Amino acid sequence: DNNETNPFSRREFLSVAATGLAIAGGTSACTDKAASGPNAAVLKAPFDSLRDYVAAMEAHGNVMRFDRIDQDAYEGTALMYRLVDRFGRYRAPLVIFENVKIDGEWRKGPVIANQLRHVEAETLLFGLEPVPFDDSATWHRARAHLDEMLQKSNGVYPTIDPVEVSRDAAPCKEVVLTGDDIDVRSFPFFKNNPGDSGRFINTASVFTSDPEMGVNVGTYRCEIKGPRHIAVGSGEGQTGYTMLMRAKERGETTAPVTLIVGQEPMVWLISGARIPARQGKKPVDELATAGGLRGKAIEVVKCDTNEFLVPATSEIIIEGEVTLESFEVNGPYGEGSGYIGAPYYTAFTMTVNRITHRKNPWVVNDFTGVTRPLIEQPSAALTTSG
């Protein structure tokens, strides 16, 4: 294993990746052919969990697995660069890392990455079959479906209200961590780049709330600072930041926040893209929009320490509160531009009060700036409707 921790150039990243496929024990289900096998006809949207979605992508030949990745040597990042170079941004596979070396320690995964970037996700997420050997036709098939959805609902996506389930019926409640048993660092969250300031939870849907605006679900870079300490980097202009600053203006000193990781893919899409139209202080139910897009209600369960209702099949739920009396630094961090982004100096300090998760939870990492953005059609169709 390469234990170098000095900065790498992109050339060195790719050099590692050139041999890393074999060293890491990579096995590929990534093909250029149509879906085959018995599961391909069975695993259809709507997907009730990340695990169901990954199984469908694998049945369609869009997944590559790796047994061991030394992320202290940035092997995962290097391999993602190589896969994008090899397959292109639209066909780079969803990847699964079974075991990951972080801070000198091998940790059990799996860690999932590039989960909503492949062009065939544009169709599979909506129960449509991709067009074999034709990415453009696949892209346009998804667009036609979403255009029709908008036409039927007067230019806005339909909504289906979430359905609350009991705690016993929620996989995300299988394991409960409190007090000194909490250590966010024990999960295999990545430091993607030598220039990053640390390890980040970069695929969480962050729940915040406001009496007038309702509940917001947003994706922000969240830096792990300690066992129960996360710097939530919602910046000025983002809804989460606006809600928390409004609470500060009301004289509140803390605010509840919940992070969910390994969420059902439509919730991840809604969290990471501006799809529901939030006008001013008007409440928006983003989970209802996710339900409408997939044609089935999202099952939710109440958090243990606050009032947020979160998707019940999520892998990990991180509950806590942020202080509104001071800020801290978050970053630098590799951003979607492909460059290292500047630090945020107004990140919110989150204290974790409880973690619940599925047995053997899956972690999701985003190689921000390496891969293409989230699938395009839901936002593109909405932008041009009417």
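**Ground rules.** I am reading a predicted model, in which local features need pLDDT of at least 70 and side-chain atom pairs count only at pLDDT 80 or more, while totals for chains, interfaces and linings use all residues. Residues are numbered from 1 along each chain as its sequence is written, and side-chain values use heavy atoms, with hydrogens and water left out.

**Overall.** I looked up the secondary structure and found 9 helices and 20 strands in the protein chain; helices (H or I, at least four residues) and strands (E, at least two) are DSSP runs, numbered from the N terminus. Of the 386 residues, 55% are buried, where buried means under 20% relative accessible area, exposed over 50%, and partly exposed in between (1.4 Å probe, protein chains only). I then checked contacts, meaning heavy atoms within 4.5 Å. Among those with a separation of 6 or more, 75% join residues 24 or more positions apart.

**Helix H2.** In H2 (residues 50-59) I noted Leu50, Tyr53, Val54, Ala56, Met57 and Ala59 as buried. The buried residues of H2 pack against several elements, including strand E2 (63-70), strand E3 (94-102) and helix H7 (265-272). After H2 comes Gly61, with a positive phi near 80 degrees.

**Helix H3.** The buried residues of H3 include Leu79, Met80 and Tyr81. Gly88 follows H3 and has a positive phi, near 90 degrees.

**Cysteines.** How many disulfides are there? Taking a disulfide as a pair of cysteine sulfur atoms within 2.5 Å, I count 0. Cys172 is in no disulfide, and the nearest cysteine sulfur, that of Cys303, is 7.9 Å away. That is too far for a bond. Cys172 is buried at 1% relative accessible area, and Cys303 is buried too, at 3%.

I searched a 1 Å grid over the protein atoms alone: a cavity is a set of points where a 1.4 Å probe fits but cannot get out, a pocket is an open set with protein on both sides within 12 Å along at least five of seven lines, and lining residues have an atom within 4 Å of a point. Grid points are joined across faces, edges and corners, and a volume is the space filled by probe spheres set on the points. I found 1 cavity of 30 Å³ or more, and the largest cavity has a volume of about 50 Å³. Its lining includes Leu50, Gln115 and Trp268. The largest pocket holds about 870 Å³. It has 35 lining residues, and those closest to its centre are Thr219, Gln238, Ser271, Gly272 and Ala273. H7 gives the most to this lining, with 4 residues.

Most residues other than glycine have a negative phi, and most peptide bonds are trans, so I looked for exceptions. Ala45 and Pro46 are joined by a cis peptide bond, omega about 5 degrees. The bond from Gly331 to Pro332 is also cis, with omega near 10 degrees. Tyr74 has a positive phi near 60 degrees and is buried. Asn154 also has a positive phi, near 60 degrees, but is exposed, at 75% relative accessibility.
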